[in-house]
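Thanks for coming, everyone. Please bring it up on the screen.

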Amino acid sequence: MSELTLTVMRLGFLAVLWLFVIVAVQVIRSDLFGTKVTQRAAAPRRGSSGNGANPNTARQATAAAATAPTQRPQAQPQGGRQRRGAPTHLVITQGSLAGTTVALQGQTITLGRAHDSTIVLDDDYASSRHARIYPDQSAGAWVVEDLNSTNGTYLDSMRLTSPTPLQPGSAVRIGRTVIELRK
């Protein structure tokens, strides 16, 4: 092999190596600084099952990062104004994230074990992409849909087989986690 060929191969290998290092640093940086963690105000938990979950676990911190402050809910239907009496937030009442509140802002909320889910569930009975809750603009209601999960999604005590309108106060159960839509 000629000297020129060896030099080009060495430089090419060096370029690929540096590209790998840069991509690895960007992934680590996005994992560390990609989400903004907001502290929740310490409030008494109503409707808690007394399951003894530690409110300061690392998983709750990641779920708190996905939640928005609930002082001024901004769930706005298509008309631009919030309907009177419309649900404004989701509350996790049971499970490892009990006490977590997610403000409804008109976007789809995904639930599951995948790290890109809106609410990341640390539950052995949850699928990676377990369920989603989304606004139905035509009916002005929120809809819960099971995403072909292994263990199913339950609305009150009924297993979901199709997208179902979600009424305020109804319990959505995914494994050990129970979520309620509230005003």
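How many bridges join strand β3 to strand β5? Three, and the two strands, residues 109-112 and 131-136, run antiparallel. Pairing here needs at least two bridges between two strands, as found by DSSP.

A word on provenance. This is a predicted model: local features need pLDDT of at least 70, side-chain atom pairs count only at pLDDT 80 or more, and totals for chains, interfaces and linings use all residues. Residues are numbered from 1 along each chain as its sequence is written, and side-chain values use heavy atoms, with hydrogens and water left out.

Now the overall layout. The chain has two helices and eleven strands. In sequence order, that reads α-α-β-β-β-β-β-β-β-β-β-β-β. Helices are DSSP runs of H or I with at least four residues; strands are runs of E with at least two; numbering starts at the N terminus.

Some totals. The chain has 183 residues, and 33% of them count as buried. Buried means under 20% relative accessible area, exposed means over 50%, and partly exposed is in between, with a 1.4 Å probe and protein chains only. Then contacts, meaning heavy atoms within 4.5 Å. Among contacts with a separation of 6 or more, 43% are between residues 24 or more positions apart.

Back to the strands. β3 and β5 belong to an open sheet of five strands, ordered β4-β3-β5-β6-β9, with mixed pairing. The edges are β4 (119-120) and β9 (164-166); each has a single partner strand, so one side of each is left without a neighbour in the sheet.

Where is the parallel pairing? β3 and β4 pair in the parallel sense, over two bridges. Look at leucine 111. It stands opposite isoleucine 119 in β4. Leucine 111 also stands opposite alanine 131 in β5.

Next pair along: β5 and β6. Strand β6 covers residues 141-146 and pairs with β5 in the antiparallel sense over six bridges. Isoleucine 133 has valine 144 in β6 as its bridge partner. These two strands form a hairpin with four residues between them. In that turn, glycine 140 has a positive phi of about 70°.

On to the other sheet. This one is open too, with six strands in the order β2-β1-β11-β10-β7-β8 and antiparallel pairing. Here β2 (101-103) and β8 (158-159) stand at the edges with a single partner strand each, so one side of each has no neighbour in the sheet. Within this sheet, β10 (residues 171-174) and β11 (residues 177-182) pair in the antiparallel sense over four bridges. Isoleucine 174 stands opposite threonine 177 in β11.

Side chains now. How many salt bridges does the structure hold? Three. The criterion is a side-chain nitrogen of Lys or Arg within 4 Å of a carboxyl oxygen of Asp or Glu.

Start with arginine 129 and aspartate 116, which meet at 2.9 Å, N to O. Arginine 129 sits in the loop between β4 and β5, aspartate 116 in the loop between β3 and β4, 13 residues apart. Arginine 129 is partly exposed at 47% relative accessible area. Aspartate 116 is exposed, at 57%.

Then arginine 132 with glutamate 145, where the closest N and O atoms are 2.7 Å apart. Arginine 132 lies in β5 and glutamate 145 in β6, so the pair ties together parts that are 13 residues apart in sequence. Buried or exposed? Glutamate 145 counts as buried, at 17% relative accessibility. Arginine 132 is partly exposed, at 27%.

The remaining pair is glutamate 180 with arginine 182, closest N and O atoms 3.0 Å apart. Glutamate 180 is buried at 17%; arginine 182 is partly exposed at 22%.

Last, the rings. The charged end of arginine 132 sits over the ring of tyrosine 134, 4.2 Å from its centre. Arginine 173 lies over the face of tyrosine 154, at 4.5 Å from the ring centre. The rule for a charge over a ring: NZ of Lys or CZ of Arg within 6 Å of the ring centre and within 35 degrees of the ring normal.

That's the tour. Over to you.
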